Amino acid sequence: MAGLYLHIPFCQQACSYCDFYFSTRLQRVDDFVDAMELRIHQAGRSRWGSTPFKTLYFGGGTPSLLSLKHVERLLLAVDQAFKTDFQEITLELNPENSSKEYLEGLASLGITRLSVGIQSLQPHILTFMHRAHDQEGALRCLEQLVASPFERWSADLIIANPGQTMEDVIADVRLLAGFEPPHISAYVLMLEERTRLEKQVALGRIQMPEGDIVADQMQAAQSILMQHGYFRYEVSSFARGGLQNRAIHNSRYWDHQPYLGLGPSAHSLWWDGTVENASATRWHEVKDLRQWMAVVHDNAADLNVVHDNAAHHAEYEKEFQQELEHLDAVSLAEERIMMALRTSEGISFNELADRYHVSFVEAHHQHIQQWIAHEWAVPGLVNHVKFTDRGLDRADALLLDLLTIPLKSHRLDVAESLPRESDKINA
Ligand code: SF4
């Protein structure tokens with residue numbers, strides 16, 4: 001069972017902090033949708049055509065720049081090209097694209113969940129972020145979502161922006177929680193390379209907040225969300241009332257399920273679940289929109305050929321793949337530990353043994369005992385480790401520390417013959 005991600009690489013304007021791949025040349029949207037239809041059919045001719053898909057996610061960029069007709073065409077192509085049994089079809093929505101008619105149209109096409117990029121409800125923070133919406137637009141969008149047919153929707157907030165006070169954060173979280181979104185993602189602002197924000201910080205025009213301010217703001221946000229009935233099931237993810245409102249598509253990434261990403265810069269993971277011969281691979285599609293469309297059209301004539309064996313598939317998909325990585329069992333296990341321990345579920349030692357053929361060594365167990373002593377991990381669990389809320393607050397630092405210790409492989413013959421780190425190949 002896999003997840004399907006379609007990257008819609010267009011935005012009205014560039015947000016100051018964003019390093020995702022997108023273009024502001026909106027006149028290319030029609031050509032892009034033509035190419036994406038082709039790309040979906042091409043991928044359906046590969047081994048992905050016989051893989052059942054459980055979730056579909058329209059991400060970006062700004063998928064809500066697509067018209068209802070565009071969305072309908074892409075849904076039809078997905079339905080024709082793949083075996084689907086979707087539990088969830090999510091589309092990312094920007095407030096400036098929201099209207100009663102658009103939301104009702106998306107629901108009638110079969111979109112089951114919306115993820116709206118609110119980011120802040122404070123006018124000065126939205127201006128700093130260079131978002132395309134203002135406070136009024138964000139509030140109007142939230143009202144439309146509450147009145148819409150969507151029972152499942154999520155709102156994103158970004159916390160710890162330069163110049164954002166604790167009062168701003170508290171006001172943002174309270175105001176947003178008052179709309180009772182079934183799901184909220186609350187992220188800490190990250191300084192990404194090659195963004196306008198990075199340039200401003202480098203020039204000394206803007207200062208990022210200190211670590212203790214970031215931690216205090218995040219804790220304040222969490223405690224307000226918990227008072228409003230939200231359950232923190234991942235470091236940045238809060239589901240109202242319990243796990244029934246969690247993001248299924250993202251949860252499947254964290255559970256190491258395979259996913260196919262189509263569109264410029266979209267990432268994929270192929271893994272058949274075995275740990276033989278570095279069986280997992282990861283790559284991303286060509287990043288540049290024009291180049292990506294050229295590759296799709298160059299391969300358009302190939303649509304009648306089915307590439308369903310491994311050799312054909314590898315040759316065919318090579319056209320689209322960049323930075324192909326082969327992942328061995330130990331790399332996969334480390335990745336799974338990182339992702340699982342960022343969730344409220346944690347990781348079971350049996351899963352590590354059964355799925356990845358690895359186990360923790362004594363030094364790992366000593367770390368876990370220290371976490372329990374600091375109340376960062378839950379005490380009394382058998383063959384299982386998971387963080388408390390206090391542990392989730394510092395999960396990244398604790399995990400980096402833990403994973404400096406090598407895991408014990410149960411398949412020494414294979415482990416010795418494989419590179420310890422992912423073997424990167426630039427395709
Ligand atoms: S709308 Fe989203 S993808 Fe587009 S620039 Fe802003 S943050 Fe990035």
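Visitor: At what angle do helices α1 and α2 pack?
Guide: The axes of α1 and α2 run 8 Å apart; axes are lines fitted to C-alpha atoms, for helices over the stretch in contact, with angles from 0 to 180 degrees between N-to-C directions. Helices here are DSSP runs (H or I, at least four residues; strands are E, at least two), numbered from the N terminus. The packing angle of α1 and α2 is about 10°.

Visitor: Which pLDDT do side-chain atom pairs need in order to count?
Guide: Residues are numbered from 1 along each chain as its sequence is written, and side-chain values use heavy atoms, leaving out hydrogens and water. This is a predicted model, where totals for chains, interfaces and linings use all residues, local features need pLDDT of at least 70, and side-chain atom pairs need pLDDT 80 or more.

Visitor: Are α1 and α2 roughly parallel or roughly antiparallel?
Guide: Angles under 35 degrees count as roughly parallel, over 145 as roughly antiparallel, 65 to 115 as roughly perpendicular, and the rest as oblique. The angle of α1 and α2 is about 10°. These two helices are therefore roughly parallel.

Visitor: How many charged residues are there in the contact of α1 with α2?
Guide: Contact means heavy atoms within 4.5 Å, and residues including Val-29, Val-33 and Ile-40 of α1 meet residues of α2, among them Leu-74, Ala-77 and Val-78. By class, Ala, Val, Leu, Ile, Met, Phe, Trp, Tyr, Cys and Pro are nonpolar, Asp, Glu, Lys and Arg charged, and the others, Gly among them, polar. Eight residues of this contact are nonpolar, four are polar, and the number of charged ones is four.

Visitor: Helix α1 also packs against α10, so which word describes how they lie to each other?
Guide: Helix α1 (residues 29–44) and helix α10 (residues 289–298) have axes 9 Å apart and an angle of about 50°. Among the residues that meet are Phe-32, Ala-35 and Met-36 in α1, with Trp-292, Met-293 and Val-296 in α10. That contact holds eight nonpolar, two polar and two charged residues. The angle makes α1 and α10 oblique.

Visitor: Turning to aromatic rings, what kind of pair do Phe-53 and Phe-82 make?
Guide: Rings of Phe, Tyr and Trp (its six-membered ring) pair if their centres lie within 6.5 Å, with planes under 30 degrees apart stacked, over 60 edge-to-face and the rest tilted. Eleven such pairs turn up in the whole structure. For Phe-53 and Phe-82, the centres are 4.9 Å apart and the planes at 65°, so the pair is edge-to-face.

Visitor: How far apart in sequence are the parts that Phe-53 and Phe-82 tie together?
Guide: Phe-53 is buried at 0% relative accessibility, as is Phe-82 at 6%; buried means under 20% relative accessible area, exposed over 50%, partly exposed in between (1.4 Å probe, protein chains only). Phe-53 sits in strand β2 (residues 52–60) and Phe-82 in the loop between α2 and β3, so the distance along the sequence is 29 residues.

Visitor: What kind of pair do Tyr-233 and Trp-254 form?
Guide: Tyr-233 is in strand β7 and Trp-254 in helix α9, 21 residues apart. Tyr-233 is buried at 4% relative accessibility, and Trp-254 is buried at 16%. Their ring centres are 6.2 Å apart and the planes at 50°, so the pair is tilted.

Visitor: How far is Ala-2 from Asn-250 in space?
Guide: Ala-2 lies in strand β1 (residues 2–8) and is buried, with a relative accessible area of 0%. Its contacts beyond four places in sequence include Trp-48, Phe-53, Arg-252 and Pro-258. Ala-2 and Asn-250 are 248 residues apart in sequence, yet their C-alpha to C-alpha distance is 11 Å.
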